[in-house]
Amino acid sequence: MKWTSILKKEMDTIDQENMGAICFAKTDEYGNVVLKINKNTDALLSEYHALLDFAGERCCRVYEFSEEEGILLEERITPGSTLRKEKSFHRRMDEFARLFLSIHPILSDREYKTYLQWIQSAAKFCESHRKESNLIDFSPIFGAAKTINSLAESLYKKYNSVLLHGDLHHDNIVKKQTGIYCVIDPKGVIGPSVFDVGRFLLNEIDCAAEAEKENHITKAIQILGEKLSFSEEELLKVLYIETWLACIWDLEDGNLPEDYKKSFILVNDYIRRFYRDSKRGNV
């Protein structure tokens, strides 16, 4: 392994994280690379496997991996402009839909967690922390755990599972020199493909002014529903699930996710009105 020499190469940035670091470098053998150092080797192994299974024009390449050292070397996409920088709403919808329809591979024999396992793990956090006084403002979010699990199970019953990116938002969709967008930083998780739309919709909320957020996300759901052949109800479900998960994961990291809480309230009110107006029952 050449990790020591790679680390000493022309590093542009080191982004310190709780579990390690991300280093941008240029090597003689691979050119521009991203070197990830992560003490959470389970997460790194899942990303490595996902990069292998997603291999193709629409995903960054993986070069080397050491589970023992907790190090992953992969391609750094250039110029690397993210989909978030695309100012046109309709262009963002078009590019996301085109990418989404081309990336999900048939399941390999590699082991991954499932989306339901993610939800069940978050639900355990809710149960063990729901009575903490400093988290009282998050009681409605903790109380939604059973509903979230039920919504997820309904999607599992309808659709076959595929390998999901698991974090398919605007900043993990980057432009190559060819002008084609591809994905980076896959988590690697198994579930119905519709789950990969949730995080994108959640981040799309941030692309609108406060007063326009609900109208904006309604429009996004309608457009993506048509392009991806999912119903409005199904996309609302995954947006609700993803917003809930984002809150819980941020709390697990020791943060108080006020922005995610606002998004959860927005989406929660939205989905309840949807069920009320469509007379489909309650969430």
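Contact here means that heavy atoms lie within 4.5 Å of each other. The model shown in these views is predicted.

**View 1. Ser 46 sits buried in helix H2.** Ser 46 belongs to helix H2, residues 41-53. Its relative accessible area is 14%, so Ser 46 is buried. What does Ser 46 touch, leaving aside neighbours within four places in sequence? Its contacts are Tyr 112, Lys 187 and Gly 188.

**View 2. Helix H2 packs against strands.** The buried residues of H2 are Leu 44, Ser 46, Glu 47, His 49, Ala 50, Leu 51 and Asp 53. Those buried residues pack against four elements: strand E3 (31-38), strand E4 (62-66), strand E5 (71-75) and E8. In an α-helix there are 3.6 residues a turn, so residues three or four places apart point the same way.

**View 3. Three strands form an open sheet.** The strand order is E7-E11-E8, and the pairing is mixed. E7 and E8 stand at the edges with a single partner strand each, so one side of each has no neighbour in the sheet. Strand E7 (residues 113-114) runs parallel to strand E11 (residues 189-192), and two bridges join them. Here Lys 113 stands opposite Val 189. Strand E8 (residues 161-164) pairs with E11 in the antiparallel sense, over four bridges. In that pairing, Ser 161 stands opposite Pro 192. Leu 164 has Val 189 as its bridge partner in E11.

**View 4. A salt bridge ties Asp 53 to Arg 110.** Side chains of opposite charge can pair when their charged atoms come close. In the salt bridge between Asp 53 and Arg 110, the closest N and O atoms are 2.3 Å apart. The pair links distant parts of the chain, 57 residues apart: Asp 53 is in helix H2, and Arg 110 is in the loop between helix H3 (89-103) and E7. Is Asp 53 buried or exposed? Asp 53 is buried, with a relative accessible area of 15%. Arg 110 is partly exposed at 29% relative accessibility.

**View 5. Asp 171 and Arg 84 meet in a salt bridge.** The N to O distance is 3.0 Å. These partners are 87 residues apart: Asp 171 is in the loop between E8 and strand E9 (173-176), while Arg 84 is in the loop between E6 and H3. Asp 171 is partly exposed, with a relative accessible area of 30%. Arg 84 is also partly exposed, at 32%.

View 6. Arg 92 lies in helix H3 and Glu 204 in helix H7 (residues 195-205), 112 residues apart. Arg 92 is buried, with a relative accessible area of 5%. Glu 204 is buried too, at 0% relative accessibility. A search of the whole structure finds 17 salt bridges.

View 7. Most residues other than glycine have a negative phi, and most peptide bonds are trans. Asp 185 has a positive phi, near 55°. Asp 185 lies in the loop between strand E10 (181-183) and E11. Its relative accessible area is 25%, so Asp 185 is partly exposed. Ser 229 also has a positive phi, near 65°. Ser 229 lies in the loop between helix H8 (213-228) and helix H9 (232-252), and is exposed at 64%. Thr 78 and Pro 79 are joined by a cis peptide bond, with omega about 0°. Pro 79 is in strand E6 (residues 79-82).

View 8. Cys 207 is in no disulfide, and the nearest cysteine sulfur, that of Cys 247, is 18 Å away. For Cys 247, the closest cysteine sulfur is in Cys 126, at 9.6 Å, too far for a bond. Cys 247 is buried at 0% relative accessibility, while Cys 207 is partly exposed at 30%.

Methods: Residues numbered from 1 in each chain as written. Predicted model: local features only at pLDDT ≥ 70, side-chain atom pairs only at ≥ 80, totals over all residues. Heavy atoms only, no water. Pairing = 2+ DSSP bridges. Buried < 20%, exposed > 50% of the residue type's maximum accessible area, 1.4 Å probe, protein only. Disulfide = S-S within 2.5 Å. Salt bridge = Lys/Arg side-chain N within 4 Å of Asp/Glu carboxyl O.
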